[in-house]
Amino acid sequence: MLQRLGRWLRAAGYDTLIARDAEADYELLRQALDDGRLLITRDRELTQHRRAPGTVIYIEGDNLQQCAAGLSEKVSINWLLAPFSRCMNCNTPLVDASPQQIRSLPLQRKEHINAAFYCPECNQVFWDGSHVKRMRRHLRDWAEKYSPPAESTERRRVPQLTKA
Ligand SMILES: [Zn+2]
């Protein structure tokens, strides 16, 4: 579930690392501290570590909605930080797709494109079609429900997810 949440944080524009299953908890905590990231976890034991305060964010929830709500309660998340500026698969900042790349997309999709973006890491083109429109609505919905008042500024640190 946290991996899905991680992909949504990337969709919102947050620099988000998603832990591989095999990574040791202590290693994740060390990396989070080194990088100045938050470590989002469902592992309550991690919150007991002496260096956890201020870095480890424990959240509960059985579905994506609950996880997003739980996270938003503990940290100021701006769900409209920079939508679709990062690759949801690999976290790499997206660039504008070239006209050539857009031309190479399947025809029936091309007709509905507003904008297209390219991930140099995945070598993949994403376009602002109906799927992205649905996701934008979702982000706007979360922003309305969960975003903190505008004066809140605790948004500098970026999340990192650990395994569920
Ligand atoms: Zn990518």
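**Reading the model, feature by feature**

Tutor: In the hairpin formed by β5 and β6, four residues lie between the strands, and asparagine 123 takes a positive phi near 55°. Please bear in mind throughout that this is a predicted model.

Student: Why is a positive phi worth noting?

Tutor: Most residues other than glycine have a negative phi. Asparagine 123 has a positive phi of about 55° although it is not a glycine.

Student: Is asparagine 123 buried or exposed?

Tutor: Asparagine 123, in the loop between β5 and β6, is exposed, with 8 other C-beta atoms within 10 Å. The cut-off used here is that a residue counts as exposed if 12 or fewer such atoms lie within that distance.

Student: What does cysteine 122 contact, leaving aside its neighbours within four places in sequence?

Tutor: Cysteine 122 also lies in the loop between β5 and β6, and its contacts are Cys87, Asn89 and Cys90. The C-alpha atoms of cysteine 122 and cysteine 90 are separated by 7.4 Å, although the two residues are 32 apart along the chain. Cysteine 122 is partly exposed, having 14 other C-beta atoms within 10 Å.

Student: How should I read the strands on either side of this loop?

Tutor: Strands of a sheet pair through backbone hydrogen bonds, either parallel or antiparallel. Here, β5 (residues 116-119) and β6 run antiparallel and are joined by four bridges. Within this pairing, tyrosine 118 has valine 125 of β6 as its bridge partner, and alanine 116 stands opposite tryptophan 127 in β6.

Student: What is the strand order of the sheet?

Tutor: The order is β4-β5-β6, an open sheet of three strands with antiparallel pairing. Its edge strands are β4 (95-96) and β6 (124-127), each of which pairs on one side only.

Student: Which strands run parallel?

Tutor: Strands β2 and β3 (residues 56-58) do, with three bridges between them. Threonine 41 of the pairing stands opposite tyrosine 58 in β3.

Student: How does one judge the two faces of a strand?

Tutor: In a regular strand the side chains alternate between the two faces of the sheet. In β2, Arg37, Leu39 and Thr41 lie on one side and Leu38 and Ile40 on the other, and all are buried, so both faces are covered. Five of the five residues of β2 (residues 37-41) are buried, and therefore the strand is largely enclosed by the rest of the structure.

Student: Which residues of helix α2 are buried?

Tutor: For a helix, one looks down the axis and asks where the buried residues point. In α2 (residues 25-35), Leu28, Leu29 and Ala32 are buried. Viewed along the axis of α2, these buried residues fall within an arc of 100°, so they line one face of the helix. The face turned away from the buried side carries the exposed residues Tyr26, Glu27 and Asp34.

Student: At what angle do the axes of α1 and α3 cross?

Tutor: A helix pair is described by the approach of the axes, their angle and the residues in contact. The axes of α1 (residues 2-12) and α3 come within 9 Å and cross at roughly 65°. The crossing is right-handed. On the α1 side the contact is made by Leu2, Arg4, Leu5 and Trp8, and on the α3 side by Leu64, Cys67, Ala68 and Leu71. By class, this contact has seven nonpolar, no polar and one charged residues.

Student: How many helices and strands are there in the protein?

Tutor: There are six helices and seven strands. From the N terminus on, the elements run α-β-α-β-β-α-β-α-α-β-β-α-β. Buried residues make up 26% of the 164 residues. Among contacts between residues at least 6 apart in sequence, 60% join residues at least 24 apart.

Terms used. Residues are numbered from 1 along each chain as its sequence is written. This is a predicted model: local features need pLDDT of at least 70, side-chain atom pairs count only at pLDDT 80 or more; totals for chains, interfaces and linings use all residues. A residue is buried if 20 or more other C-beta atoms lie within 10 Å of its own, exposed if 12 or fewer, and partly exposed in between; C-beta atoms are placed from the backbone. Helices (H or I, at least four residues) and strands (E, at least two) are DSSP runs, numbered from the N terminus. The arc is that of the directions from the helix axis to the C-beta atoms. Two strands pair if DSSP finds at least two bridges between them. Axes are lines fitted to C-alpha atoms, for helices over the stretch in contact, and angles run from 0 to 180 degrees between N-to-C directions. A crossing is left-handed if the near helix is turned anticlockwise from the far one by less than a right angle, and right-handed if clockwise. Two residues are in contact if their C-beta atoms, placed from the backbone, lie within 7 Å. Ala, Val, Leu, Ile, Met, Phe, Trp, Tyr, Cys and Pro count as nonpolar, Asp, Glu, Lys and Arg as charged, and the others, Gly among them, as polar.
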